[in-house]
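Dear colleague,

I am passing on the structure below, together with some notes on what was found in it. Please read the notes alongside the coordinates.

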Amino acid sequence: MTGVRWLALLPVLGILVGTAFVNQVEPLVFGLPLVLAWIVGWVVVGAALMAIVYALDPIDAKPESGREGGQR
Amino acid sequence: MNGALVIIGLTAVMALGLGLAARRGLRMTLEQWTVAERAFGGPFVFLLTAGEIYTTFTFLGGSGYAYGKGAPAYYILAYGTLAYILSYWLLPPIWRYAKQERLISQSHFFAKKYDSPGLGILAAVVGVVALVPYLVLQLKGLGIIVSVASYGSISPALAVWIGAATVTIYVMISGVHGTAWNAVVKDFLILAVVVFLGIYLPLHYYGGYAEMFRAIDAAKPGFLAFKPTGESVLWFQSTVALTALGFFMWPHAFAAALTSRHERTFRRNAVILPLYQLILLFVFFCGFAAILKAPGLSGGDIDLSLFRLAIQTFDPWFVGVIGAAGVLTALVPGSMILLSAATLLANDVLRALMPDIADDRVTLTARGFVPVIALVAVYFTLQGGQTIVALLLMGYSFVTQLFPALICSLLARNPMTKQGAIAGIVVGVATVAYVTLTHSTFVSLLPFLPSQANDVNVGFAALALNALASAAVSLATRSAAVPMASRPG
């Protein structure tokens, strides 16, 4: 799990750092300016990555009460 | 009186009626707003919990910023996603501690964590200060809707007074017994209206999204990407960071998180809610569509753009439907904000200062604060000039100053002392207040910085000073405390 949770950093880097490198209108992607499409893409990818983190997080593998055993 | 105004007026009356009818029904305190919603299942929960963020800010502010500023509006799409990712790890430990200590407000959380009632009061005051611009922007939105939908027969100033009176009456009538149904109606109506407009307007006027963006790019080169200076990429980065960190620092968002039934909910929301942000795209499309079709709005008037274009495009009755959705997006959150600020003042400031005060006196005082806060908000609204987005960013600049003290308090061994926390918050808030009131820039304050630094969001820069101040004061007070208490650093 500890490895998987680093996936959550990708959207943070993508939006906060990556945006600087795609700051242009052309080419349009799905009709959107490139920089807008980039941000929209990271919103979608971010949700997908968080779904992976959520699915693999042992903290939620058990019922709610199993939290104490999960990690420390 | 025209068709649009009749529909909007009826909506407001209906909302008041629902509030009155619900007095005995569902209790909806600020703390319970979200919780009540969790009684529903499945997709309903998704719409409702996510719907909290749909206020006048998104509806008029988001479209207005896209219209008037272009690319800078994109930040609104980005910060929610980062905030929800952060919440995956941030909210569960807050929730656990609050449950263990039976805490119900952010102010109590700070007071308990740092064993300092003074810090609790400070947090509550910062919350109220941040909520005022948030309330002002709802009133501004109400004013815009009423004034534009009246086709000019009601002046904006009068419309603001009408809006403020409606919100105040709404809070006074429904009090804490607000109705979840207003929130439900609001969410579905705004969702339907925004998606419809975001699809219809670009197709109707331009024939497609790519055509629309090409036309805008040709007419205003550079408008759809970040500028080299001013609201540049650096501005985007610092603003997204500031608002993502501040997202759950709002007193009402924090309180709502405390009353969740399962900590798992936070993690699941972190997966699902970012996608809901995509509705903002349709809001942007409305604003972008208006650029070439309803040109000429500038300054604080850019927030009018969606309505201007709607009036040009649709019959009055449909303008009324849009206006009705807009009224609810201002009325429901506006009343929550008003209630929240009044409760903070009565329950977290007054009660902390006078611990012996009786419960009914606190409730009475909270009710007394409602019209006072509304009047303060009207005063600032009529001062005018600010865009809705600028107002929300001001609120964020204040409220995010609570973040360093909060995050440190969650560490296994908190490096921050209560003096450090107080010093940091005071320095951060004072910096924001000074820069906002004097309209000064950072480079004029700190001339050794490169001129690029001016693009950094004020609140983010204040956050840096805040962290420095709390670190310095914590170091000083900690080393002073060690010999006395002889405890390890």
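**Helix packing in chain B**

In this predicted model, helix 5 (residues 75-101) of chain B packs against helix 13 (residues 264-276) of chain B at an angle of about 170°, and their axes are 8 Å apart. Because angles over 145 degrees count as roughly antiparallel, helix 5 of chain B is described as roughly antiparallel to helix 13 of chain B. On the side of helix 5 of chain B, the contact involves Gly80(B), Thr81(B), Tyr84(B), Ile85(B), Ser87(B), Tyr88(B), Leu91(B), Pro92(B) and Trp95(B), which meet Phe266(B), Arg267(B), Asn269(B), Ala270(B), Leu273(B) and Pro274(B) of helix 13 of chain B. Sorted by class, the residues of this contact are ten nonpolar, four polar and one charged.

A second pair in chain B is formed by helix 4 (residues 56-68) and helix 14 (residues 279-293), whose axes come within 7 Å and cross at roughly 50°. Helix 4 of chain B and helix 14 of chain B are therefore oblique to each other, and helix 4 of chain B passes helix 14 of chain B in a right-handed crossing. Among the residues that make the contact are Phe59(B), Gly62(B), Tyr65(B) and Ala66(B) from helix 4 of chain B, and Val283(B), Phe284(B), Gly287(B) and Ile291(B) from helix 14 of chain B. The residues of the contact between helix 4 and helix 14 of chain B comprise eleven nonpolar, five polar and no charged.

**Where chain A touches chain B**

Between the two chains, 28 residues of chain A are in contact with 32 residues of chain B. On the side of chain A that touches chain B, the elements that give two or more residues are helix 1 (9-16) and helix 2 of chain A, and helix 2 of chain A gives the most, with eleven residues. By class, that side of chain A consists of 20 nonpolar, five polar and three charged residues.

**Confidence in chain A**

Chain A has a mean pLDDT of 79, with 79% of its residues reaching 70 or more. Within chain A, confidence is highest in helix 2 (residues 34-56) of chain A, at a mean of 90, and lowest in helix 3 (residues 67-70) of chain A, at 38. The pLDDT is below 50 over residues 64-72 of chain A, a stretch that has seven contacts in the model beyond near neighbours in sequence. Where pLDDT is low, predicted coordinates should not be read in detail.

With best wishes

Methods
Residues numbered from 1 in each chain as written. Chains lettered and ligands numbered in written order. Predicted model: local features only at pLDDT ≥ 70, side-chain atom pairs only at ≥ 80, totals over all residues. Axes fitted to C-alpha atoms, helices over the stretch in contact; angles between N-to-C directions. Helix = DSSP H or I, 4+ residues; strand = E, 2+ residues; numbered from the N terminus. Parallel < 35°, antiparallel > 145°, perpendicular 65-115°, else oblique. Nonpolar A, V, L, I, M, F, W, Y, C, P; charged D, E, K, R; others polar. pLDDT = per-residue confidence, 0-100. Left-handed = near helix turned anticlockwise from the far one by under 90°.
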